[in-house]
There are 2 protein chains.
Amino acid sequence: MAYFVIVPVMLDIGGIFSFNHVQESFMGTKGEGNRQRIITAADDLFYRRGYNQTSFQDISDATGIPRGNFYYYFKTKDEILHAVVDGRLDELSALLSKIESETDNPRERLLMFSNMLEDNRDNVIQSGCPFGTLSSELAKDDPQLHEKSTQIFAVLRHWIKQQFVALGLTNADDLALDLLARLQGVTVIACAFKDVDYIKRSHQQIKDWINTNTLN
Amino acid sequence: MAYFVIVPVMLDIGGIFSFNHVQESFMGTKGEGNRQRIITAADDLFYRRGYNQTSFQDISDATGIPRGNFYYYFKTKDEILHAVVDGRLDELSALLSKIESETDNPRERLLMFSNMLEDNRDNVIQSGCPFGTLSSELAKDDPQLHEKSTQIFAVLRHWIKQQFVALGLTNADDLALDLLARLQGVTVIACAFKDVDYIKRSHQQIKDWINTNTLN
DNA sequence: ATTTTAGTAATACGACCGTCTGATAATGGA
DNA sequence: TCCATTATCAGACGGTCGTATTACTAAAAT
């Protein structure tokens, strides 16, 4: 029942993933700087206002780059989204690599990962989870865009699963989905009620859940 | 830290809520029929495509009512959203009343309520939760619209809490939020991965959770 | 020195947006 | 019958959308 086909290739050895398929014609050139500025601004706006509610004009205003120039860097708005998602994938990979470098203990890794929730709680209250809200929004748009946004969840799912696998758990994939679902549920409810305290309480519950599922 | 102020008045006695504040000038008239058709079509489109991605033209196409007529029934698009949310609140109240009429046992009530997840699983896979996705979308728009959408969660929260209260649980409100969060988390992940089986599995987990929290 | 390319700036394009208007048709009580 | 109310209709309004094209500058390559 696998719906999406494109799954990012993951190099678990060394924990280094790479999704930043920068067009080589832009490598190291001056234009690459502007391209990156567009991506950075779009990333922020897509998160805070949503993909569909962000116009080229908004990005233009945020960067100072004339709206007409965007076509030079990206043929369509879709392409900007792809670049933004690739950027988020890179950031995520860097974060996961950092976690992996700090401890070999899967339980501690999962706990560190779960801290993402509380570290970003102010943003979560305002705009929800950057991965979850994007996925939910794009589910109602073009299936291709939704598929792209789901790559982020696919990476997280795989990484979390690997931690459970390392602990010898047979239902590692189910547990990975459960952890993701818990995090998503908390963000949706906390954002809906603008309730910071609920994040704190739930984060503790999630840490407890991780501990009970990893201590054997 | 309560952020939103407007809380719907709930008449728990008899389990009958009422949010359908129909403008009396429309009561029983012919125009009320068209008004309702607009709301019904908008409700469906807001769910499947999102609020911002639904245009007056879309609603016009779906109903056959000329776009220009909408101003007669609703001054702004916001008003349509309000009417749609009120409609959903009425439907929800009817559902909860039905559950209340079928059993006095809070545990059974909560279990019946949780069936909503599986009953709508096909829609959930495609478009997510109609309450959750609306809330997440509008969190990035006007705060007033978001507040309106949150009324639905507020009703659910209150009703679920009452079931736990009836069981003598002191942390009833926390449990209510937890149940809502679980449901939301499942829908987000299931929709992201287009995974029907995950809904089935998670629904069973949720029912188990309800049982362990209500059997004393 | 000349040609090619990378990048900038400004703007035109058609389509569509939510909103609003003015005119008309139907309705029903006086 | 008259008239006010209720309802319907087509279309214009200014604005913004994503997209596309043009003309231009500057640097690099030949």
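Is Arg48(B) buried, partly exposed or exposed, and at what relative accessibility? Arg48(B) counts as partly exposed, at 36% relative accessibility. The notes below take up this residue again, after the overall fold and the pairing of the chains. The model is a predicted one.

1. Fold of chain A. Chain A contains 10 helices and 0 strands. Among contacts in chain A with a separation of 6 or more, 68% join residues 24 or more positions apart.

2. Burial and surface. Chain A has 216 residues, and buried residues make up 51% of them. Its accessible surface is about 10000 Å². Carbon and sulfur atoms account for 51% of that surface.

3. Helix α8 of chain A. This helix covers residues 143-166, which is 24 residues. At 1.5 Å a residue it should span 34 Å, and its end C-alpha atoms are 34 Å apart, so the two values agree. The helix also has a kink of about 30°, centred on Gln151(A). Just after α8(A) comes Gly168(A), with a positive phi of about 80°.

4. Relation of the two chains. Chain B superposes on chain A by a rotation of 180°, with 0.0 Å of shift along the axis and an RMSD of 0.1 Å. The two copies are thus related as by a two-fold rotation axis. Within chain B, the residue closest to this axis is Gly185(B), whose C-alpha is 1.8 Å from it.

5. A salt bridge between chains. Over all chains, the structure holds 16 salt bridges. One of them joins Arg201(B) to Asp174(A), with the closest N and O atoms 2.5 Å apart. This pair crosses between chains: Arg201(B) is in helix α10 (residues 196-214) of chain B, and Asp174(A) is in helix α9 (residues 172-193) of chain A. Both partners are partly exposed, Arg201(B) with a relative accessible area of 32% and Asp174(A) with 27%.

6. A salt bridge within one helix. Arg48(B), the residue of the opening question, forms a salt bridge with Asp44(B) through their side chains, at 2.2 Å from N to O. Both residues lie in helix α1 (residues 30-49) of chain B, and they are 4 residues apart, about one turn of the helix. Asp44(B) is partly exposed as well, at 34% relative accessibility.

7. A salt bridge between two helices of chain B. What is the distance between the closest N and O atoms in the salt bridge of Asp173(B) with Arg157(B)? The distance is 2.8 Å. Asp173(B) lies in helix α9 (residues 172-193) and Arg157(B) in helix α8 (residues 143-166) of chain B, so the pair ties together parts that are 16 residues apart in sequence. The two partners fall on either side of the 20% cut-off for burial: Asp173(B) is partly exposed, with a relative accessible area of 22%, whereas Arg157(B) counts as buried, at 18% relative accessibility.

Definitions and conventions:
Residues numbered from 1 in each chain as written. Chains lettered and ligands numbered in written order. Predicted model: local features only at pLDDT ≥ 70, side-chain atom pairs only at ≥ 80, totals over all residues. Heavy atoms only, no water. Expected span 1.5 Å × (residues − 1). Bend = angle between axes of the 7 residues up to and from the residue. Least-squares fit on C-alpha atoms with pLDDT ≥ 70 in both. Buried < 20%, exposed > 50% of the residue type's maximum accessible area, 1.4 Å probe, protein only. Contact = heavy atoms within 4.5 Å. Areas by Shrake-Rupley, 256 points an atom, 1.4 Å probe, with all protein chains shown as cover. Salt bridge = Lys/Arg side-chain N within 4 Å of Asp/Glu carboxyl O.
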